[in-house]
Amino acid sequence: MKILSHLILAGAMTAVASGAYAAGGDPERGAQLAAQGDGSGAPCLACHGADGSGNNAAGFPRLAGLDANYLARQMLDYNTGDRVSPVMQPNIDNFDEQQIRDLAAYYAAMPVPATTAPANVSDEVLALGEKLANQGDWDNYIPPCSSCHGPGNRGVGETFPAIAGQHPNYIRSQLNAWKSNQRNNDPNQLMTAVAERLTEEQINAVAAYLGSQSATTK
Amino acid sequence: MKPKHKISLLAGLLVTSPVVLAQPEVPVNLPEFKDGQYVHSAPTVEDLKNDDSIHPELKKVILKGRDMFMNTQQHRGEYVFNDMNCKSCHMGEGRKNWSGPVWPAATTLPDFRGKNQHVNSLEERIAGCFSFSMNGKPPAYGSDDMLAMVAYHRWLAKGAPVYEKNIGGRGFSHLGNEKPELDYERGKQVYAENCAVCHGDDGQGQKKDGQVVFPPLWGDHSYNWGAGMTRIFTAASFIKNNMPLGQPGSLTDEEAWQVANYINSQERPQDPRYTGDVKETREKFLNFHKHTNYGTVVNGKLLGDHDNTGDKPFLKPDVLRPRTFE
């Protein structure tokens with residue numbers, strides 16, 4: 001039992017170390033901040049859940065297990081206005097950069113909850129989504145998601161977040177935001193270029209497919 | 001950014017159609033086809049599945065070839081000794097115009113090839129890619145794996161005229177012989193601004209879960225000094241019409257030339273045709289190396305002056321040999 005708990009602790013510390021130090025954040029302080037909020041809005045866990053799993057119906061993304069530097073970048077961008085969300089901004093605008101890095105470290109180190117749900121769409125829609133995710137639609141110059149988001153679309157580094165196992169409603173809203181230029185904090189317009197070539201049908205299909213995929217299974 | 005919305009709103013007022021196509025933020029700017037060129041529409045996997053005229057056994061072989069093409073890393077340490085897949089350079093499954101579509105190899109070979117100064121078969125052309133771009137050892141001629149690769153190429157060429165050489169979209173579209181004065185520092189700047197986010201600050205590429213996502217552009221796990229991509233004009237043309245991913249034509253010609261020169265001013269595994277002396281090798285294959293920085297001094301360093309073959313435990317695969325009919 002003691003060995004087991006040590007192993008778990010070691011595993012958790014490894015996970016914390018890889019997530020936390022990458023972002024220069026303290027996950028324990030991040031945990032407190034997630035519960036307290038920034039003093040003027042809702043605390044993080046009110047929408048993203050105590051386990052960081054988010055909420056599909058409301059379009060709140062899963063944060064647990066995402067790259068710490070990616071998460072920090074998004075929050076910093078909200079506070080500079082480089083990424084705009086009337087929901088997010090008031091809830092984090094009092095956090096300073098260190099607090100944001102603490103939060104990012106906290107969520108990055110969290111175990112990924114099993115958010116994967118069977119997609120409530122037809123097999124044809126899922127097949128289209130899978131094709132876009134893993135083969136792309138090159139005739140319309142749409143490379144597959146996996147060419148940047150990596151094998152299984154589980155994310156690559158701090159720039160390309162895991163999108164497998166992310167909530168379909170969130171993926172759909174973000175693709176539409178890029179497509180309509182409401183979101184443009186992607187480096188070198190890498191996401192804008194692809195999103196603006198996607199049809200509504202393709203966006204719905206790829207969101208449903210990615211949401212049905214495991215964020216962790218290799 | 002903002003004007004896009006003004007334009008689309010204005011257009012929405014003028015046109016009652018609910019679909020308003022505004023000028024894209026990131027247009028796809030590819031070269032035009034020339035009059036009289038054959039322009040091919042290569043079949044898709046769906047076409048293959050739906051084509052009852054193709055024997056199921058052949059479908060299996062074509063799909064095996066396609067699988068090798070898309071995931072060549074499954075033969076790491078056997079045919080491939082670097083981090084490349086065929087699709088790394090031949091984008092869009094080898095079907096895409098201006099991305100080195102591979103089907104013309106099936107319709108224009110056998111033919112004389114300047115690189116090795118003899119008549120090449122389709123198998124030999126594929127072997128060339130494995131020997132240089134993949135820094136590897138090609139599947140044996142006539143082997144099951146080579147047959148699968150050939151079948152994939154041949155099937156992609158379905159419907160294309162044999163020995164028609166005036167092909168639109170072939171290669172990467174040569175940027176022309178007029179190149180700017182090449183400046184390493186300028187290329188470095190273009191690289192940092194446009195390429196490093198994916199390929200890394202040191203051109204090392206990125207992997208995830210042991211799989212290559214962004215291929216390395218130089219170093220031990222990139223293409224070797226004999227690969228076509230080491231030619232500045234080839235890399236410049238590829239970059240111009242394919243990079244950054246999803247944004248063909250977004251760099252100026254000048255930027256493409258400069259960054260191609262920067263990338264190809266870095267070290268990489270030895271040319272398999274190495275004689276043991278880099279300057280001698282450059283001279284011996286000057287028809288090729290006059291377009292590369294191999295055997296020249298860049299930043300005070302003689303490029304290619306080493307015995308490093310990367311992860312490949314030999315220099316030259318046996319299939320690289322002259323062929324004569326005398």
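The paragraphs below take the chains in turn and then turn to the contact between them. What is shown is a predicted model, and the descriptions that follow should be read with that in mind.

Of the 218 residues in chain A, 46% are buried. When contacts with a separation of 6 or more are considered, 69% of those in chain A join residues 24 or more positions apart.

The domain assignment divides chain A into domain 1, covering 2-109, and domain 2, covering 123-212. Where these two domains touch, 14 residues come from domain 1 of chain A and 15 residues from domain 2 of chain A. The side belonging to domain 1 of chain A, where it touches domain 2 of chain A, is made up of five nonpolar, four polar and five charged residues.

Within chain A, one pair of helices can be followed residue by residue. Two packed helices are described by the angle between their axes and the distance between the axes. For helix α2 (residues 27-36) of chain A and helix α6 (residues 97-109) of chain A, the angle is about 100 degrees and the axes lie 7 Å apart. Since angles of 65 to 115 degrees count as roughly perpendicular, α2(A) and α6(A) are therefore roughly perpendicular to each other. On the α2(A) side the contact involves Pro27(A), Arg29(A), Gly30(A), Ala31(A), Leu33(A) and Ala34(A), and these meet Gln99(A), Asp102(A), Leu103(A), Ala105(A), Tyr106(A) and Ala109(A) in α6(A). Sorted by class, the contact of α2(A) with α6(A) comprises eight nonpolar, two polar and two charged residues.

A loop residue of chain A also deserves a look. Gly81(A) sits in the loop between α4 (68-80) and α5 (89-92) of chain A. Is Gly81(A) buried or exposed? Gly81(A) has 9 C-beta neighbours inside 10 Å and so counts as exposed, given that a residue with 12 or fewer such neighbours falls in that class. The C-alpha atoms of Gly81(A) and Asn185(A) are separated by 9.6 Å, although the two residues are 104 residues apart along the chain.

Chain B has 13 helices and six strands. Its radius of gyration is 21 Å, close to the 20 Å that the globule rule gives for 326 residues, so chain B is as compact as a globular protein of that length. The C-alpha trace of chain B spans about 70 × 55 × 45 Å along its principal axes, and 45% of the 326 residues of chain B count as buried. Among contacts in chain B with a separation of 6 or more, 68% are accounted for by residues 24 or more positions apart.

For chain B the domain assignment gives domain 1 (1-30), domain 2 (45-156) and domain 3 (184-302).

Among the buried residues of α10(B) are Ile232(B), Phe238(B), Ile239(B) and Lys240(B), and the buried residues of α10(B) pack against α4 (86-89) and α11 (253-263) of chain B.

Helix α7(B) has a further partner, since the axes of helix α3 (residues 56-70) of chain B and α7(B) come within 7 Å and cross at roughly 95 degrees, which makes α3(B) roughly perpendicular to α7(B). Residues in this contact include Leu58(B), Val61(B) and Phe69(B) of α3(B), together with Leu147(B), Tyr152(B) and Trp155(B) of α7(B). By class, the contact of α3(B) with α7(B) holds eleven nonpolar, one polar and three charged residues.

Finally, the two chains meet in a contact that takes 22 residues from chain B and 22 residues from chain A. On the side of chain B that touches chain A, α1 (2-14), β3 (206-208) and β4 (211-214) of chain B each supply at least two residues. That side of chain B divides into eight nonpolar, seven polar and seven charged residues.

Terms used: Residues numbered from 1 in each chain as written. Chains lettered and ligands numbered in written order. Predicted model: local features only at pLDDT ≥ 70, side-chain atom pairs only at ≥ 80, totals over all residues. Domains from an automatic or database assignment. Contact = placed C-beta atoms within 7 Å. Nonpolar A, V, L, I, M, F, W, Y, C, P; charged D, E, K, R; others polar. Helix = DSSP H or I, 4+ residues; strand = E, 2+ residues; numbered from the N terminus. Axes fitted to C-alpha atoms, helices over the stretch in contact; angles between N-to-C directions. Parallel < 35°, antiparallel > 145°, perpendicular 65-115°, else oblique. Buried ≥ 20, exposed ≤ 12 C-beta atoms within 10 Å, placed from the backbone. Rg over C-alpha atoms; globule rule 2.2 N^0.38 Å.
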